[in-house]
Amino acid sequence: MIPSTHEELYRPFKGELRPARWRFLPLYRAQMAVATKRKLPLLILFFGPAMTGIIVSFMVYMRFSLEETGAAGPIAGAGLAAQWAAQLLEVHNLIIYSMKVVRFFALLAMAWYGAGLICEDRRAGAHLLYFARPITRADYLLAHFLTAFTFGCAAVLAPGLLICLVAVFNSPGFIFLTEKWDVIVATIGYSLLFVVVLSALILAVSALSKRKSYALASVFAAFMGSIALGGALSALMRKRDFWMVSLASHFERVADWWLGASRSMHRWDPWWSLGVLLGLTALSLAVVAWRVRRMEVVA
């Protein structure tokens, strides 16, 4: 047999490169798969938001249905217009009420699924595997943030959108969309603000805690404890401005401002509340970034 030499000539690449993948997606999908594996906690934690959305949507549907039945009667002209204006105001108030109710259910769901995201990684040493892969601190933080954000949107944004959609499609001539479109925008904006602030706070507490149980207790202590402290100070000092100590009061003030509530329990400038919430978000993200950087150095 005569030996032969095969010459490998350079050939230019003529194919197409695949687009770069988002590196946080595999970690985010894995966390969501683990979190949703057990169905009983999902059923218990999201029963409240689901029932709130369904009950309030049914009330909105009944309001418009009764008005359509009454519109066939002798009321006409200016009387009918005033009746529809009053009806839109009632639906508007129902949306405000529902947004203030679901936030407590959202706190429970987000704390349950988000409090252990970082501390459990550190306790189990999972971050050593994550940072051994081509993943950056920003990818790691974004995957954890989106996990808490997803559960928050399911608890706050989904019921609000359901109520708004029922109001739009059951109002005659889509009058709710044309007359109250700002309420729909404010509902989406307030829901996203609430979820973003709470997600950042929960991740910061998780990054500073050693166990999920400690993080859960710390989240509820920070949120519910501030409510108790604000109520006690306002009662002792006989000034409602001491409610500014409460984190929930700042959410409520922004909700009343954006959703256009006719009556508000708090009278301070809503820009103060918005500044406090945004400052808390920035501080929480800074704490998370600091802790994750230390985890990467150790890894």
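**Close-up views of the predicted model**

**Figure 1. Phe 145 is buried in the predicted model, with a relative accessible area of 14%.** The model shown in this and the following views is predicted. Phe 149, at 19% relative accessibility, also counts as buried, because the limit for that class is under 20% relative accessible area. Both residues belong to helix H7, which spans residues 137–155. Phe 145 and Phe 149 are four residues apart in this helix and are therefore separated by about one helical turn.

**Figure 2. Aromatic pairs of the structure, with the stacked pair Phe 145 and Phe 149.** Ten aromatic pairs are found when the whole structure is searched. One of them joins Phe 145 and Phe 149, whose ring centres lie 6.1 Å from each other. The planes of these two rings make an angle of 20°, and the pair is stacked. The two partners are four residues apart within helix H7.

The pair formed by Trp 257 and Trp 258 is tilted, because the ring planes stand at 45°, and planes under 30 degrees apart count as stacked, over 60 as edge-to-face and the rest as tilted. The ring centres of Trp 257 and Trp 258 are 6.2 Å apart. Trp 257 is partly exposed, with 30% relative accessible area, and Trp 258 is likewise partly exposed, with a value of 30%.

**Figure 3. A cluster of aromatic rings formed by Phe 46, Tyr 113 and Phe 151.** Ring pairs link these three residues.

**Figure 4. Charged side chains over tryptophan rings.** The charged end of Lys 212 is placed over the ring of Trp 112, at 4.3 Å from the ring centre. In a second example, the charged end of Arg 291 sits over the ring of Trp 290, 5.5 Å from the centre of that ring.

**Figure 5. The largest pocket and its lining.** The largest pocket holds about 450 Å³ of space. At least two lining residues come from each of helix H1 (24–35), helix H4 (78–114), helix H5 (117–124) and helix H6 (126–132). Helix H1 contributes the most, with five residues. By class, the lining contains ten nonpolar, three polar and five charged residues.

Figure 6. The volume of the second largest pocket is about 180 Å³. Its lining is made up of Arg 21, Trp 22, Arg 23, Pro 26, Leu 27, Tyr 130, Arg 133, Pro 134 and Ile 135. Six of these residues are nonpolar and three are charged, while no polar residue is present in the lining. Arg 23 is located in the segment before H1 and is partly exposed, at 46% relative accessibility. The C-alpha atom of Arg 23 is separated by 9.0 Å from that of Ala 143, although the two residues are 120 residues apart along the chain.

Figure 7. Helix H8 covers residues 157–170 and has 14 residues. From the first C-alpha to the last, H8 reaches 20 Å, close to the 20 Å expected at 1.5 Å a residue. The buried residues of H8 are Leu 157, Pro 159, Gly 160, Ile 163, Cys 164, Val 166, Ala 167 and Val 168. Phe 174 lies in the loop between H8 and helix H9 (175–179). The phi angle of Phe 174 is near 50°, a positive value in a residue other than glycine. Phe 174 is partly exposed, with a relative accessible area of 41%.

**Figure 8. Arg 103 in helix H4, within the helical fold of the protein.** Arg 103 is part of helix H4 and counts as buried, at 6% relative accessibility. Arg 103 and Ser 191 are 88 residues apart in sequence, and their C-alpha atoms are 8.8 Å apart in space. The protein contains 13 helices and zero strands. Of its 299 residues, 43% count as buried.

Definitions and conventions:
Residues are numbered from 1 along each chain as its sequence is written. This is a predicted model: local features need pLDDT of at least 70, side-chain atom pairs count only at pLDDT 80 or more; totals for chains, interfaces and linings use all residues. Side-chain values use heavy atoms; hydrogens and water are left out. The expected span of a helix is 1.5 Å times one less than its number of residues. Buried means under 20% relative accessible area, exposed over 50%, partly exposed in between (1.4 Å probe, protein chains only). Rings of Phe, Tyr and Trp (its six-membered ring) pair if their centres lie within 6.5 Å; planes under 30 degrees apart count as stacked, over 60 as edge-to-face and the rest as tilted. A charge sits over a ring if NZ of Lys or CZ of Arg is within 6 Å of the ring centre and within 35 degrees of the ring normal. On a 1 Å grid over the protein atoms alone, a cavity is a set of points where a 1.4 Å probe fits but cannot get out, and a pocket is an open set with protein on both sides within 12 Å along at least five of seven lines; lining residues have an atom within 4 Å of a point. Grid points are joined across faces, edges and corners, and a volume is the space filled by probe spheres set on the points. Ala, Val, Leu, Ile, Met, Phe, Trp, Tyr, Cys and Pro count as nonpolar, Asp, Glu, Lys and Arg as charged, and the others, Gly among them, as polar.
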